[in-house]
Amino acid sequence: MNFPVLLFFPTLLILWLAARYGAALRKRRPLGDSERDDFGVVQTATLTLLALIIGFTFSMATTRYDLRKNYEEAEANAIGTEYVRASLLSPADGARTQDQLKRYTDLRILFYRTRSDRDLQQINADTVRLQDEMWASVQASALTQPTPIMSLVVSGMNDVLNSQGYTRAAWWNRIPVAAWVFLMLTAIGCNILVGYGSRSPHAKGGVLFIMPLLVSMSFLLIADIDSPRGGLIHVAPQNLASLWQSLHR
């Protein structure tokens, strides 16, 4: 599921073979006149069910994609707010914390842009280490000066750390594998029915290729949206990049 384009071709092949199997099955056991109406009801209901499942799955994928976009915006807002609040610290502590936030913004942008698992592991390790440093910076100041102003700084840093956790959870939240299996089995059954219901006893491969192609394209779109790093559709760190420009201006 992390490589939607590669998933497209075996899916197309499997569904096309299912349609061809249905056409071959009809040659062996043709439909009787009394069975045509009942078969038409079953075929229509099954295709409608497939369309509904694809629609619901697409809705699940787009909801998760929007959630990842919202958390990217929330991260940028949290970092920008804490950068301003860091000026309430002493000059030395404030400058150190702001520098840490700049480096933290760099890491968060890399998190969204990287496609390599090895680079991602290093980015996550650097992020955890820098989070500990940022929390230690505001914690030391808060312990020496426990004032309401310092509580704002601590609260802002807490929002920065929490927003990263929410983002990570959103990127882990994918369409379940069981849902993909059920969707694939339903699609296979529908293509068998389409092949079996072909009017001509010598149905051309081009005609039977249309349904598998359209369903495979739908699967490709859903998998692409649902994959945070694979495919062509990604969450661009636009808000974080704009924040980075503001911090380095």
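The model is predicted, so to speak of local features takes pLDDT of at least 70, and side-chain atom pairs count only at pLDDT 80 or more, while totals for chains, interfaces and linings use all residues. Residues are numbered from 1 along each chain as its sequence is written, and side-chain values use heavy atoms, with hydrogens and water left out.

**The nonpolar core**

- The largest nonpolar core has 43 residues, and those touching the most other members are Leu50, Ile54, Ile79, Trp180, Leu183, Val215 and Phe219.
- Two or more residues each come from helix 2 (36-85), helix 3 (91-113), helix 4 (117-144), helix 5, helix 6 (177-196), helix 7 (205-226) and helix 8 (238-247).
- Helix 2 gives the most to this core, with 9 residues.
- A core here is a set of buried Ala, Val, Leu, Ile, Met, Phe, Trp, Tyr and Cys residues joined through side-chain atoms within 4.5 Å.
- Buried means under 20% relative accessible area, exposed means over 50%, and partly exposed is in between (1.4 Å probe, protein chains only).
- Helices are DSSP runs (H or I, at least four residues), numbered from the N terminus.
- Who does Leu183 touch, leaving aside its neighbours within four places in sequence? Leu183 is in contact with Leu50, Ile53, Ile54, Thr57 and Phe219, where contact means heavy atoms within 4.5 Å.

**Helix 4**

- Helix 4 has 28 residues, which should span 40 Å at 1.5 Å a residue, and its end C-alpha atoms are 41 Å apart, which agrees. The expected span is 1.5 Å times one less than the number of residues.
- Its buried residues include Leu120, Ile123, Asp126, Thr127 and Leu130, and the buried residues of helix 4 pack against helix 2, helix 3 and helix 5.
- Ala142 sits in helix 4 and counts as buried, at 19% relative accessibility.
- Apart from neighbours within four places in sequence, Ala142 is in contact with Met150 and Val154.

**Salt bridges**

- The count comes to 6 salt bridges, each being a side-chain nitrogen of Lys or Arg within 4 Å of a carboxyl oxygen of Asp or Glu.
- Asp93 pairs with Arg96, and their closest N and O atoms are 2.7 Å apart. The two are 3 residues apart in helix 3, so about one helical turn separates them.
- Arg103 and Asp99 also form a salt bridge (3.4 Å, N to O). They lie 4 residues apart in helix 3, again about one helical turn.
- Both are partly exposed: Arg103 at 36% relative accessibility, Asp99 with a relative accessible area of 40%.
- Asp99, Arg103 and Glu133 are linked in a network of salt bridges.
- Arg174 and Asp226 meet in another salt bridge (3.2 Å, N to O). This pair links distant parts of the chain, 52 residues apart, with Arg174 in the loop between helix 5 and helix 6 and Asp226 in helix 7.
- Buried or partly exposed: which is Asp226? At 2% relative accessibility, Asp226 is buried, whereas Arg174 is partly exposed, at 21%.

**A patch on the surface**

- Leu88, Ile149 and Leu152 form a nonpolar surface patch, with about 260 Å² of accessible area together.
- Ile149 belongs to helix 5 (residues 148-172) and is partly exposed, at 45% relative accessibility.

Notes:
Patch = residues over 30% accessible without salt bridge, like charges linked within 9 Å, V, L, I, M, F, W, Y side chains within 5 Å. Areas by Shrake-Rupley, 256 points an atom, 1.4 Å probe, with all protein chains shown as cover.
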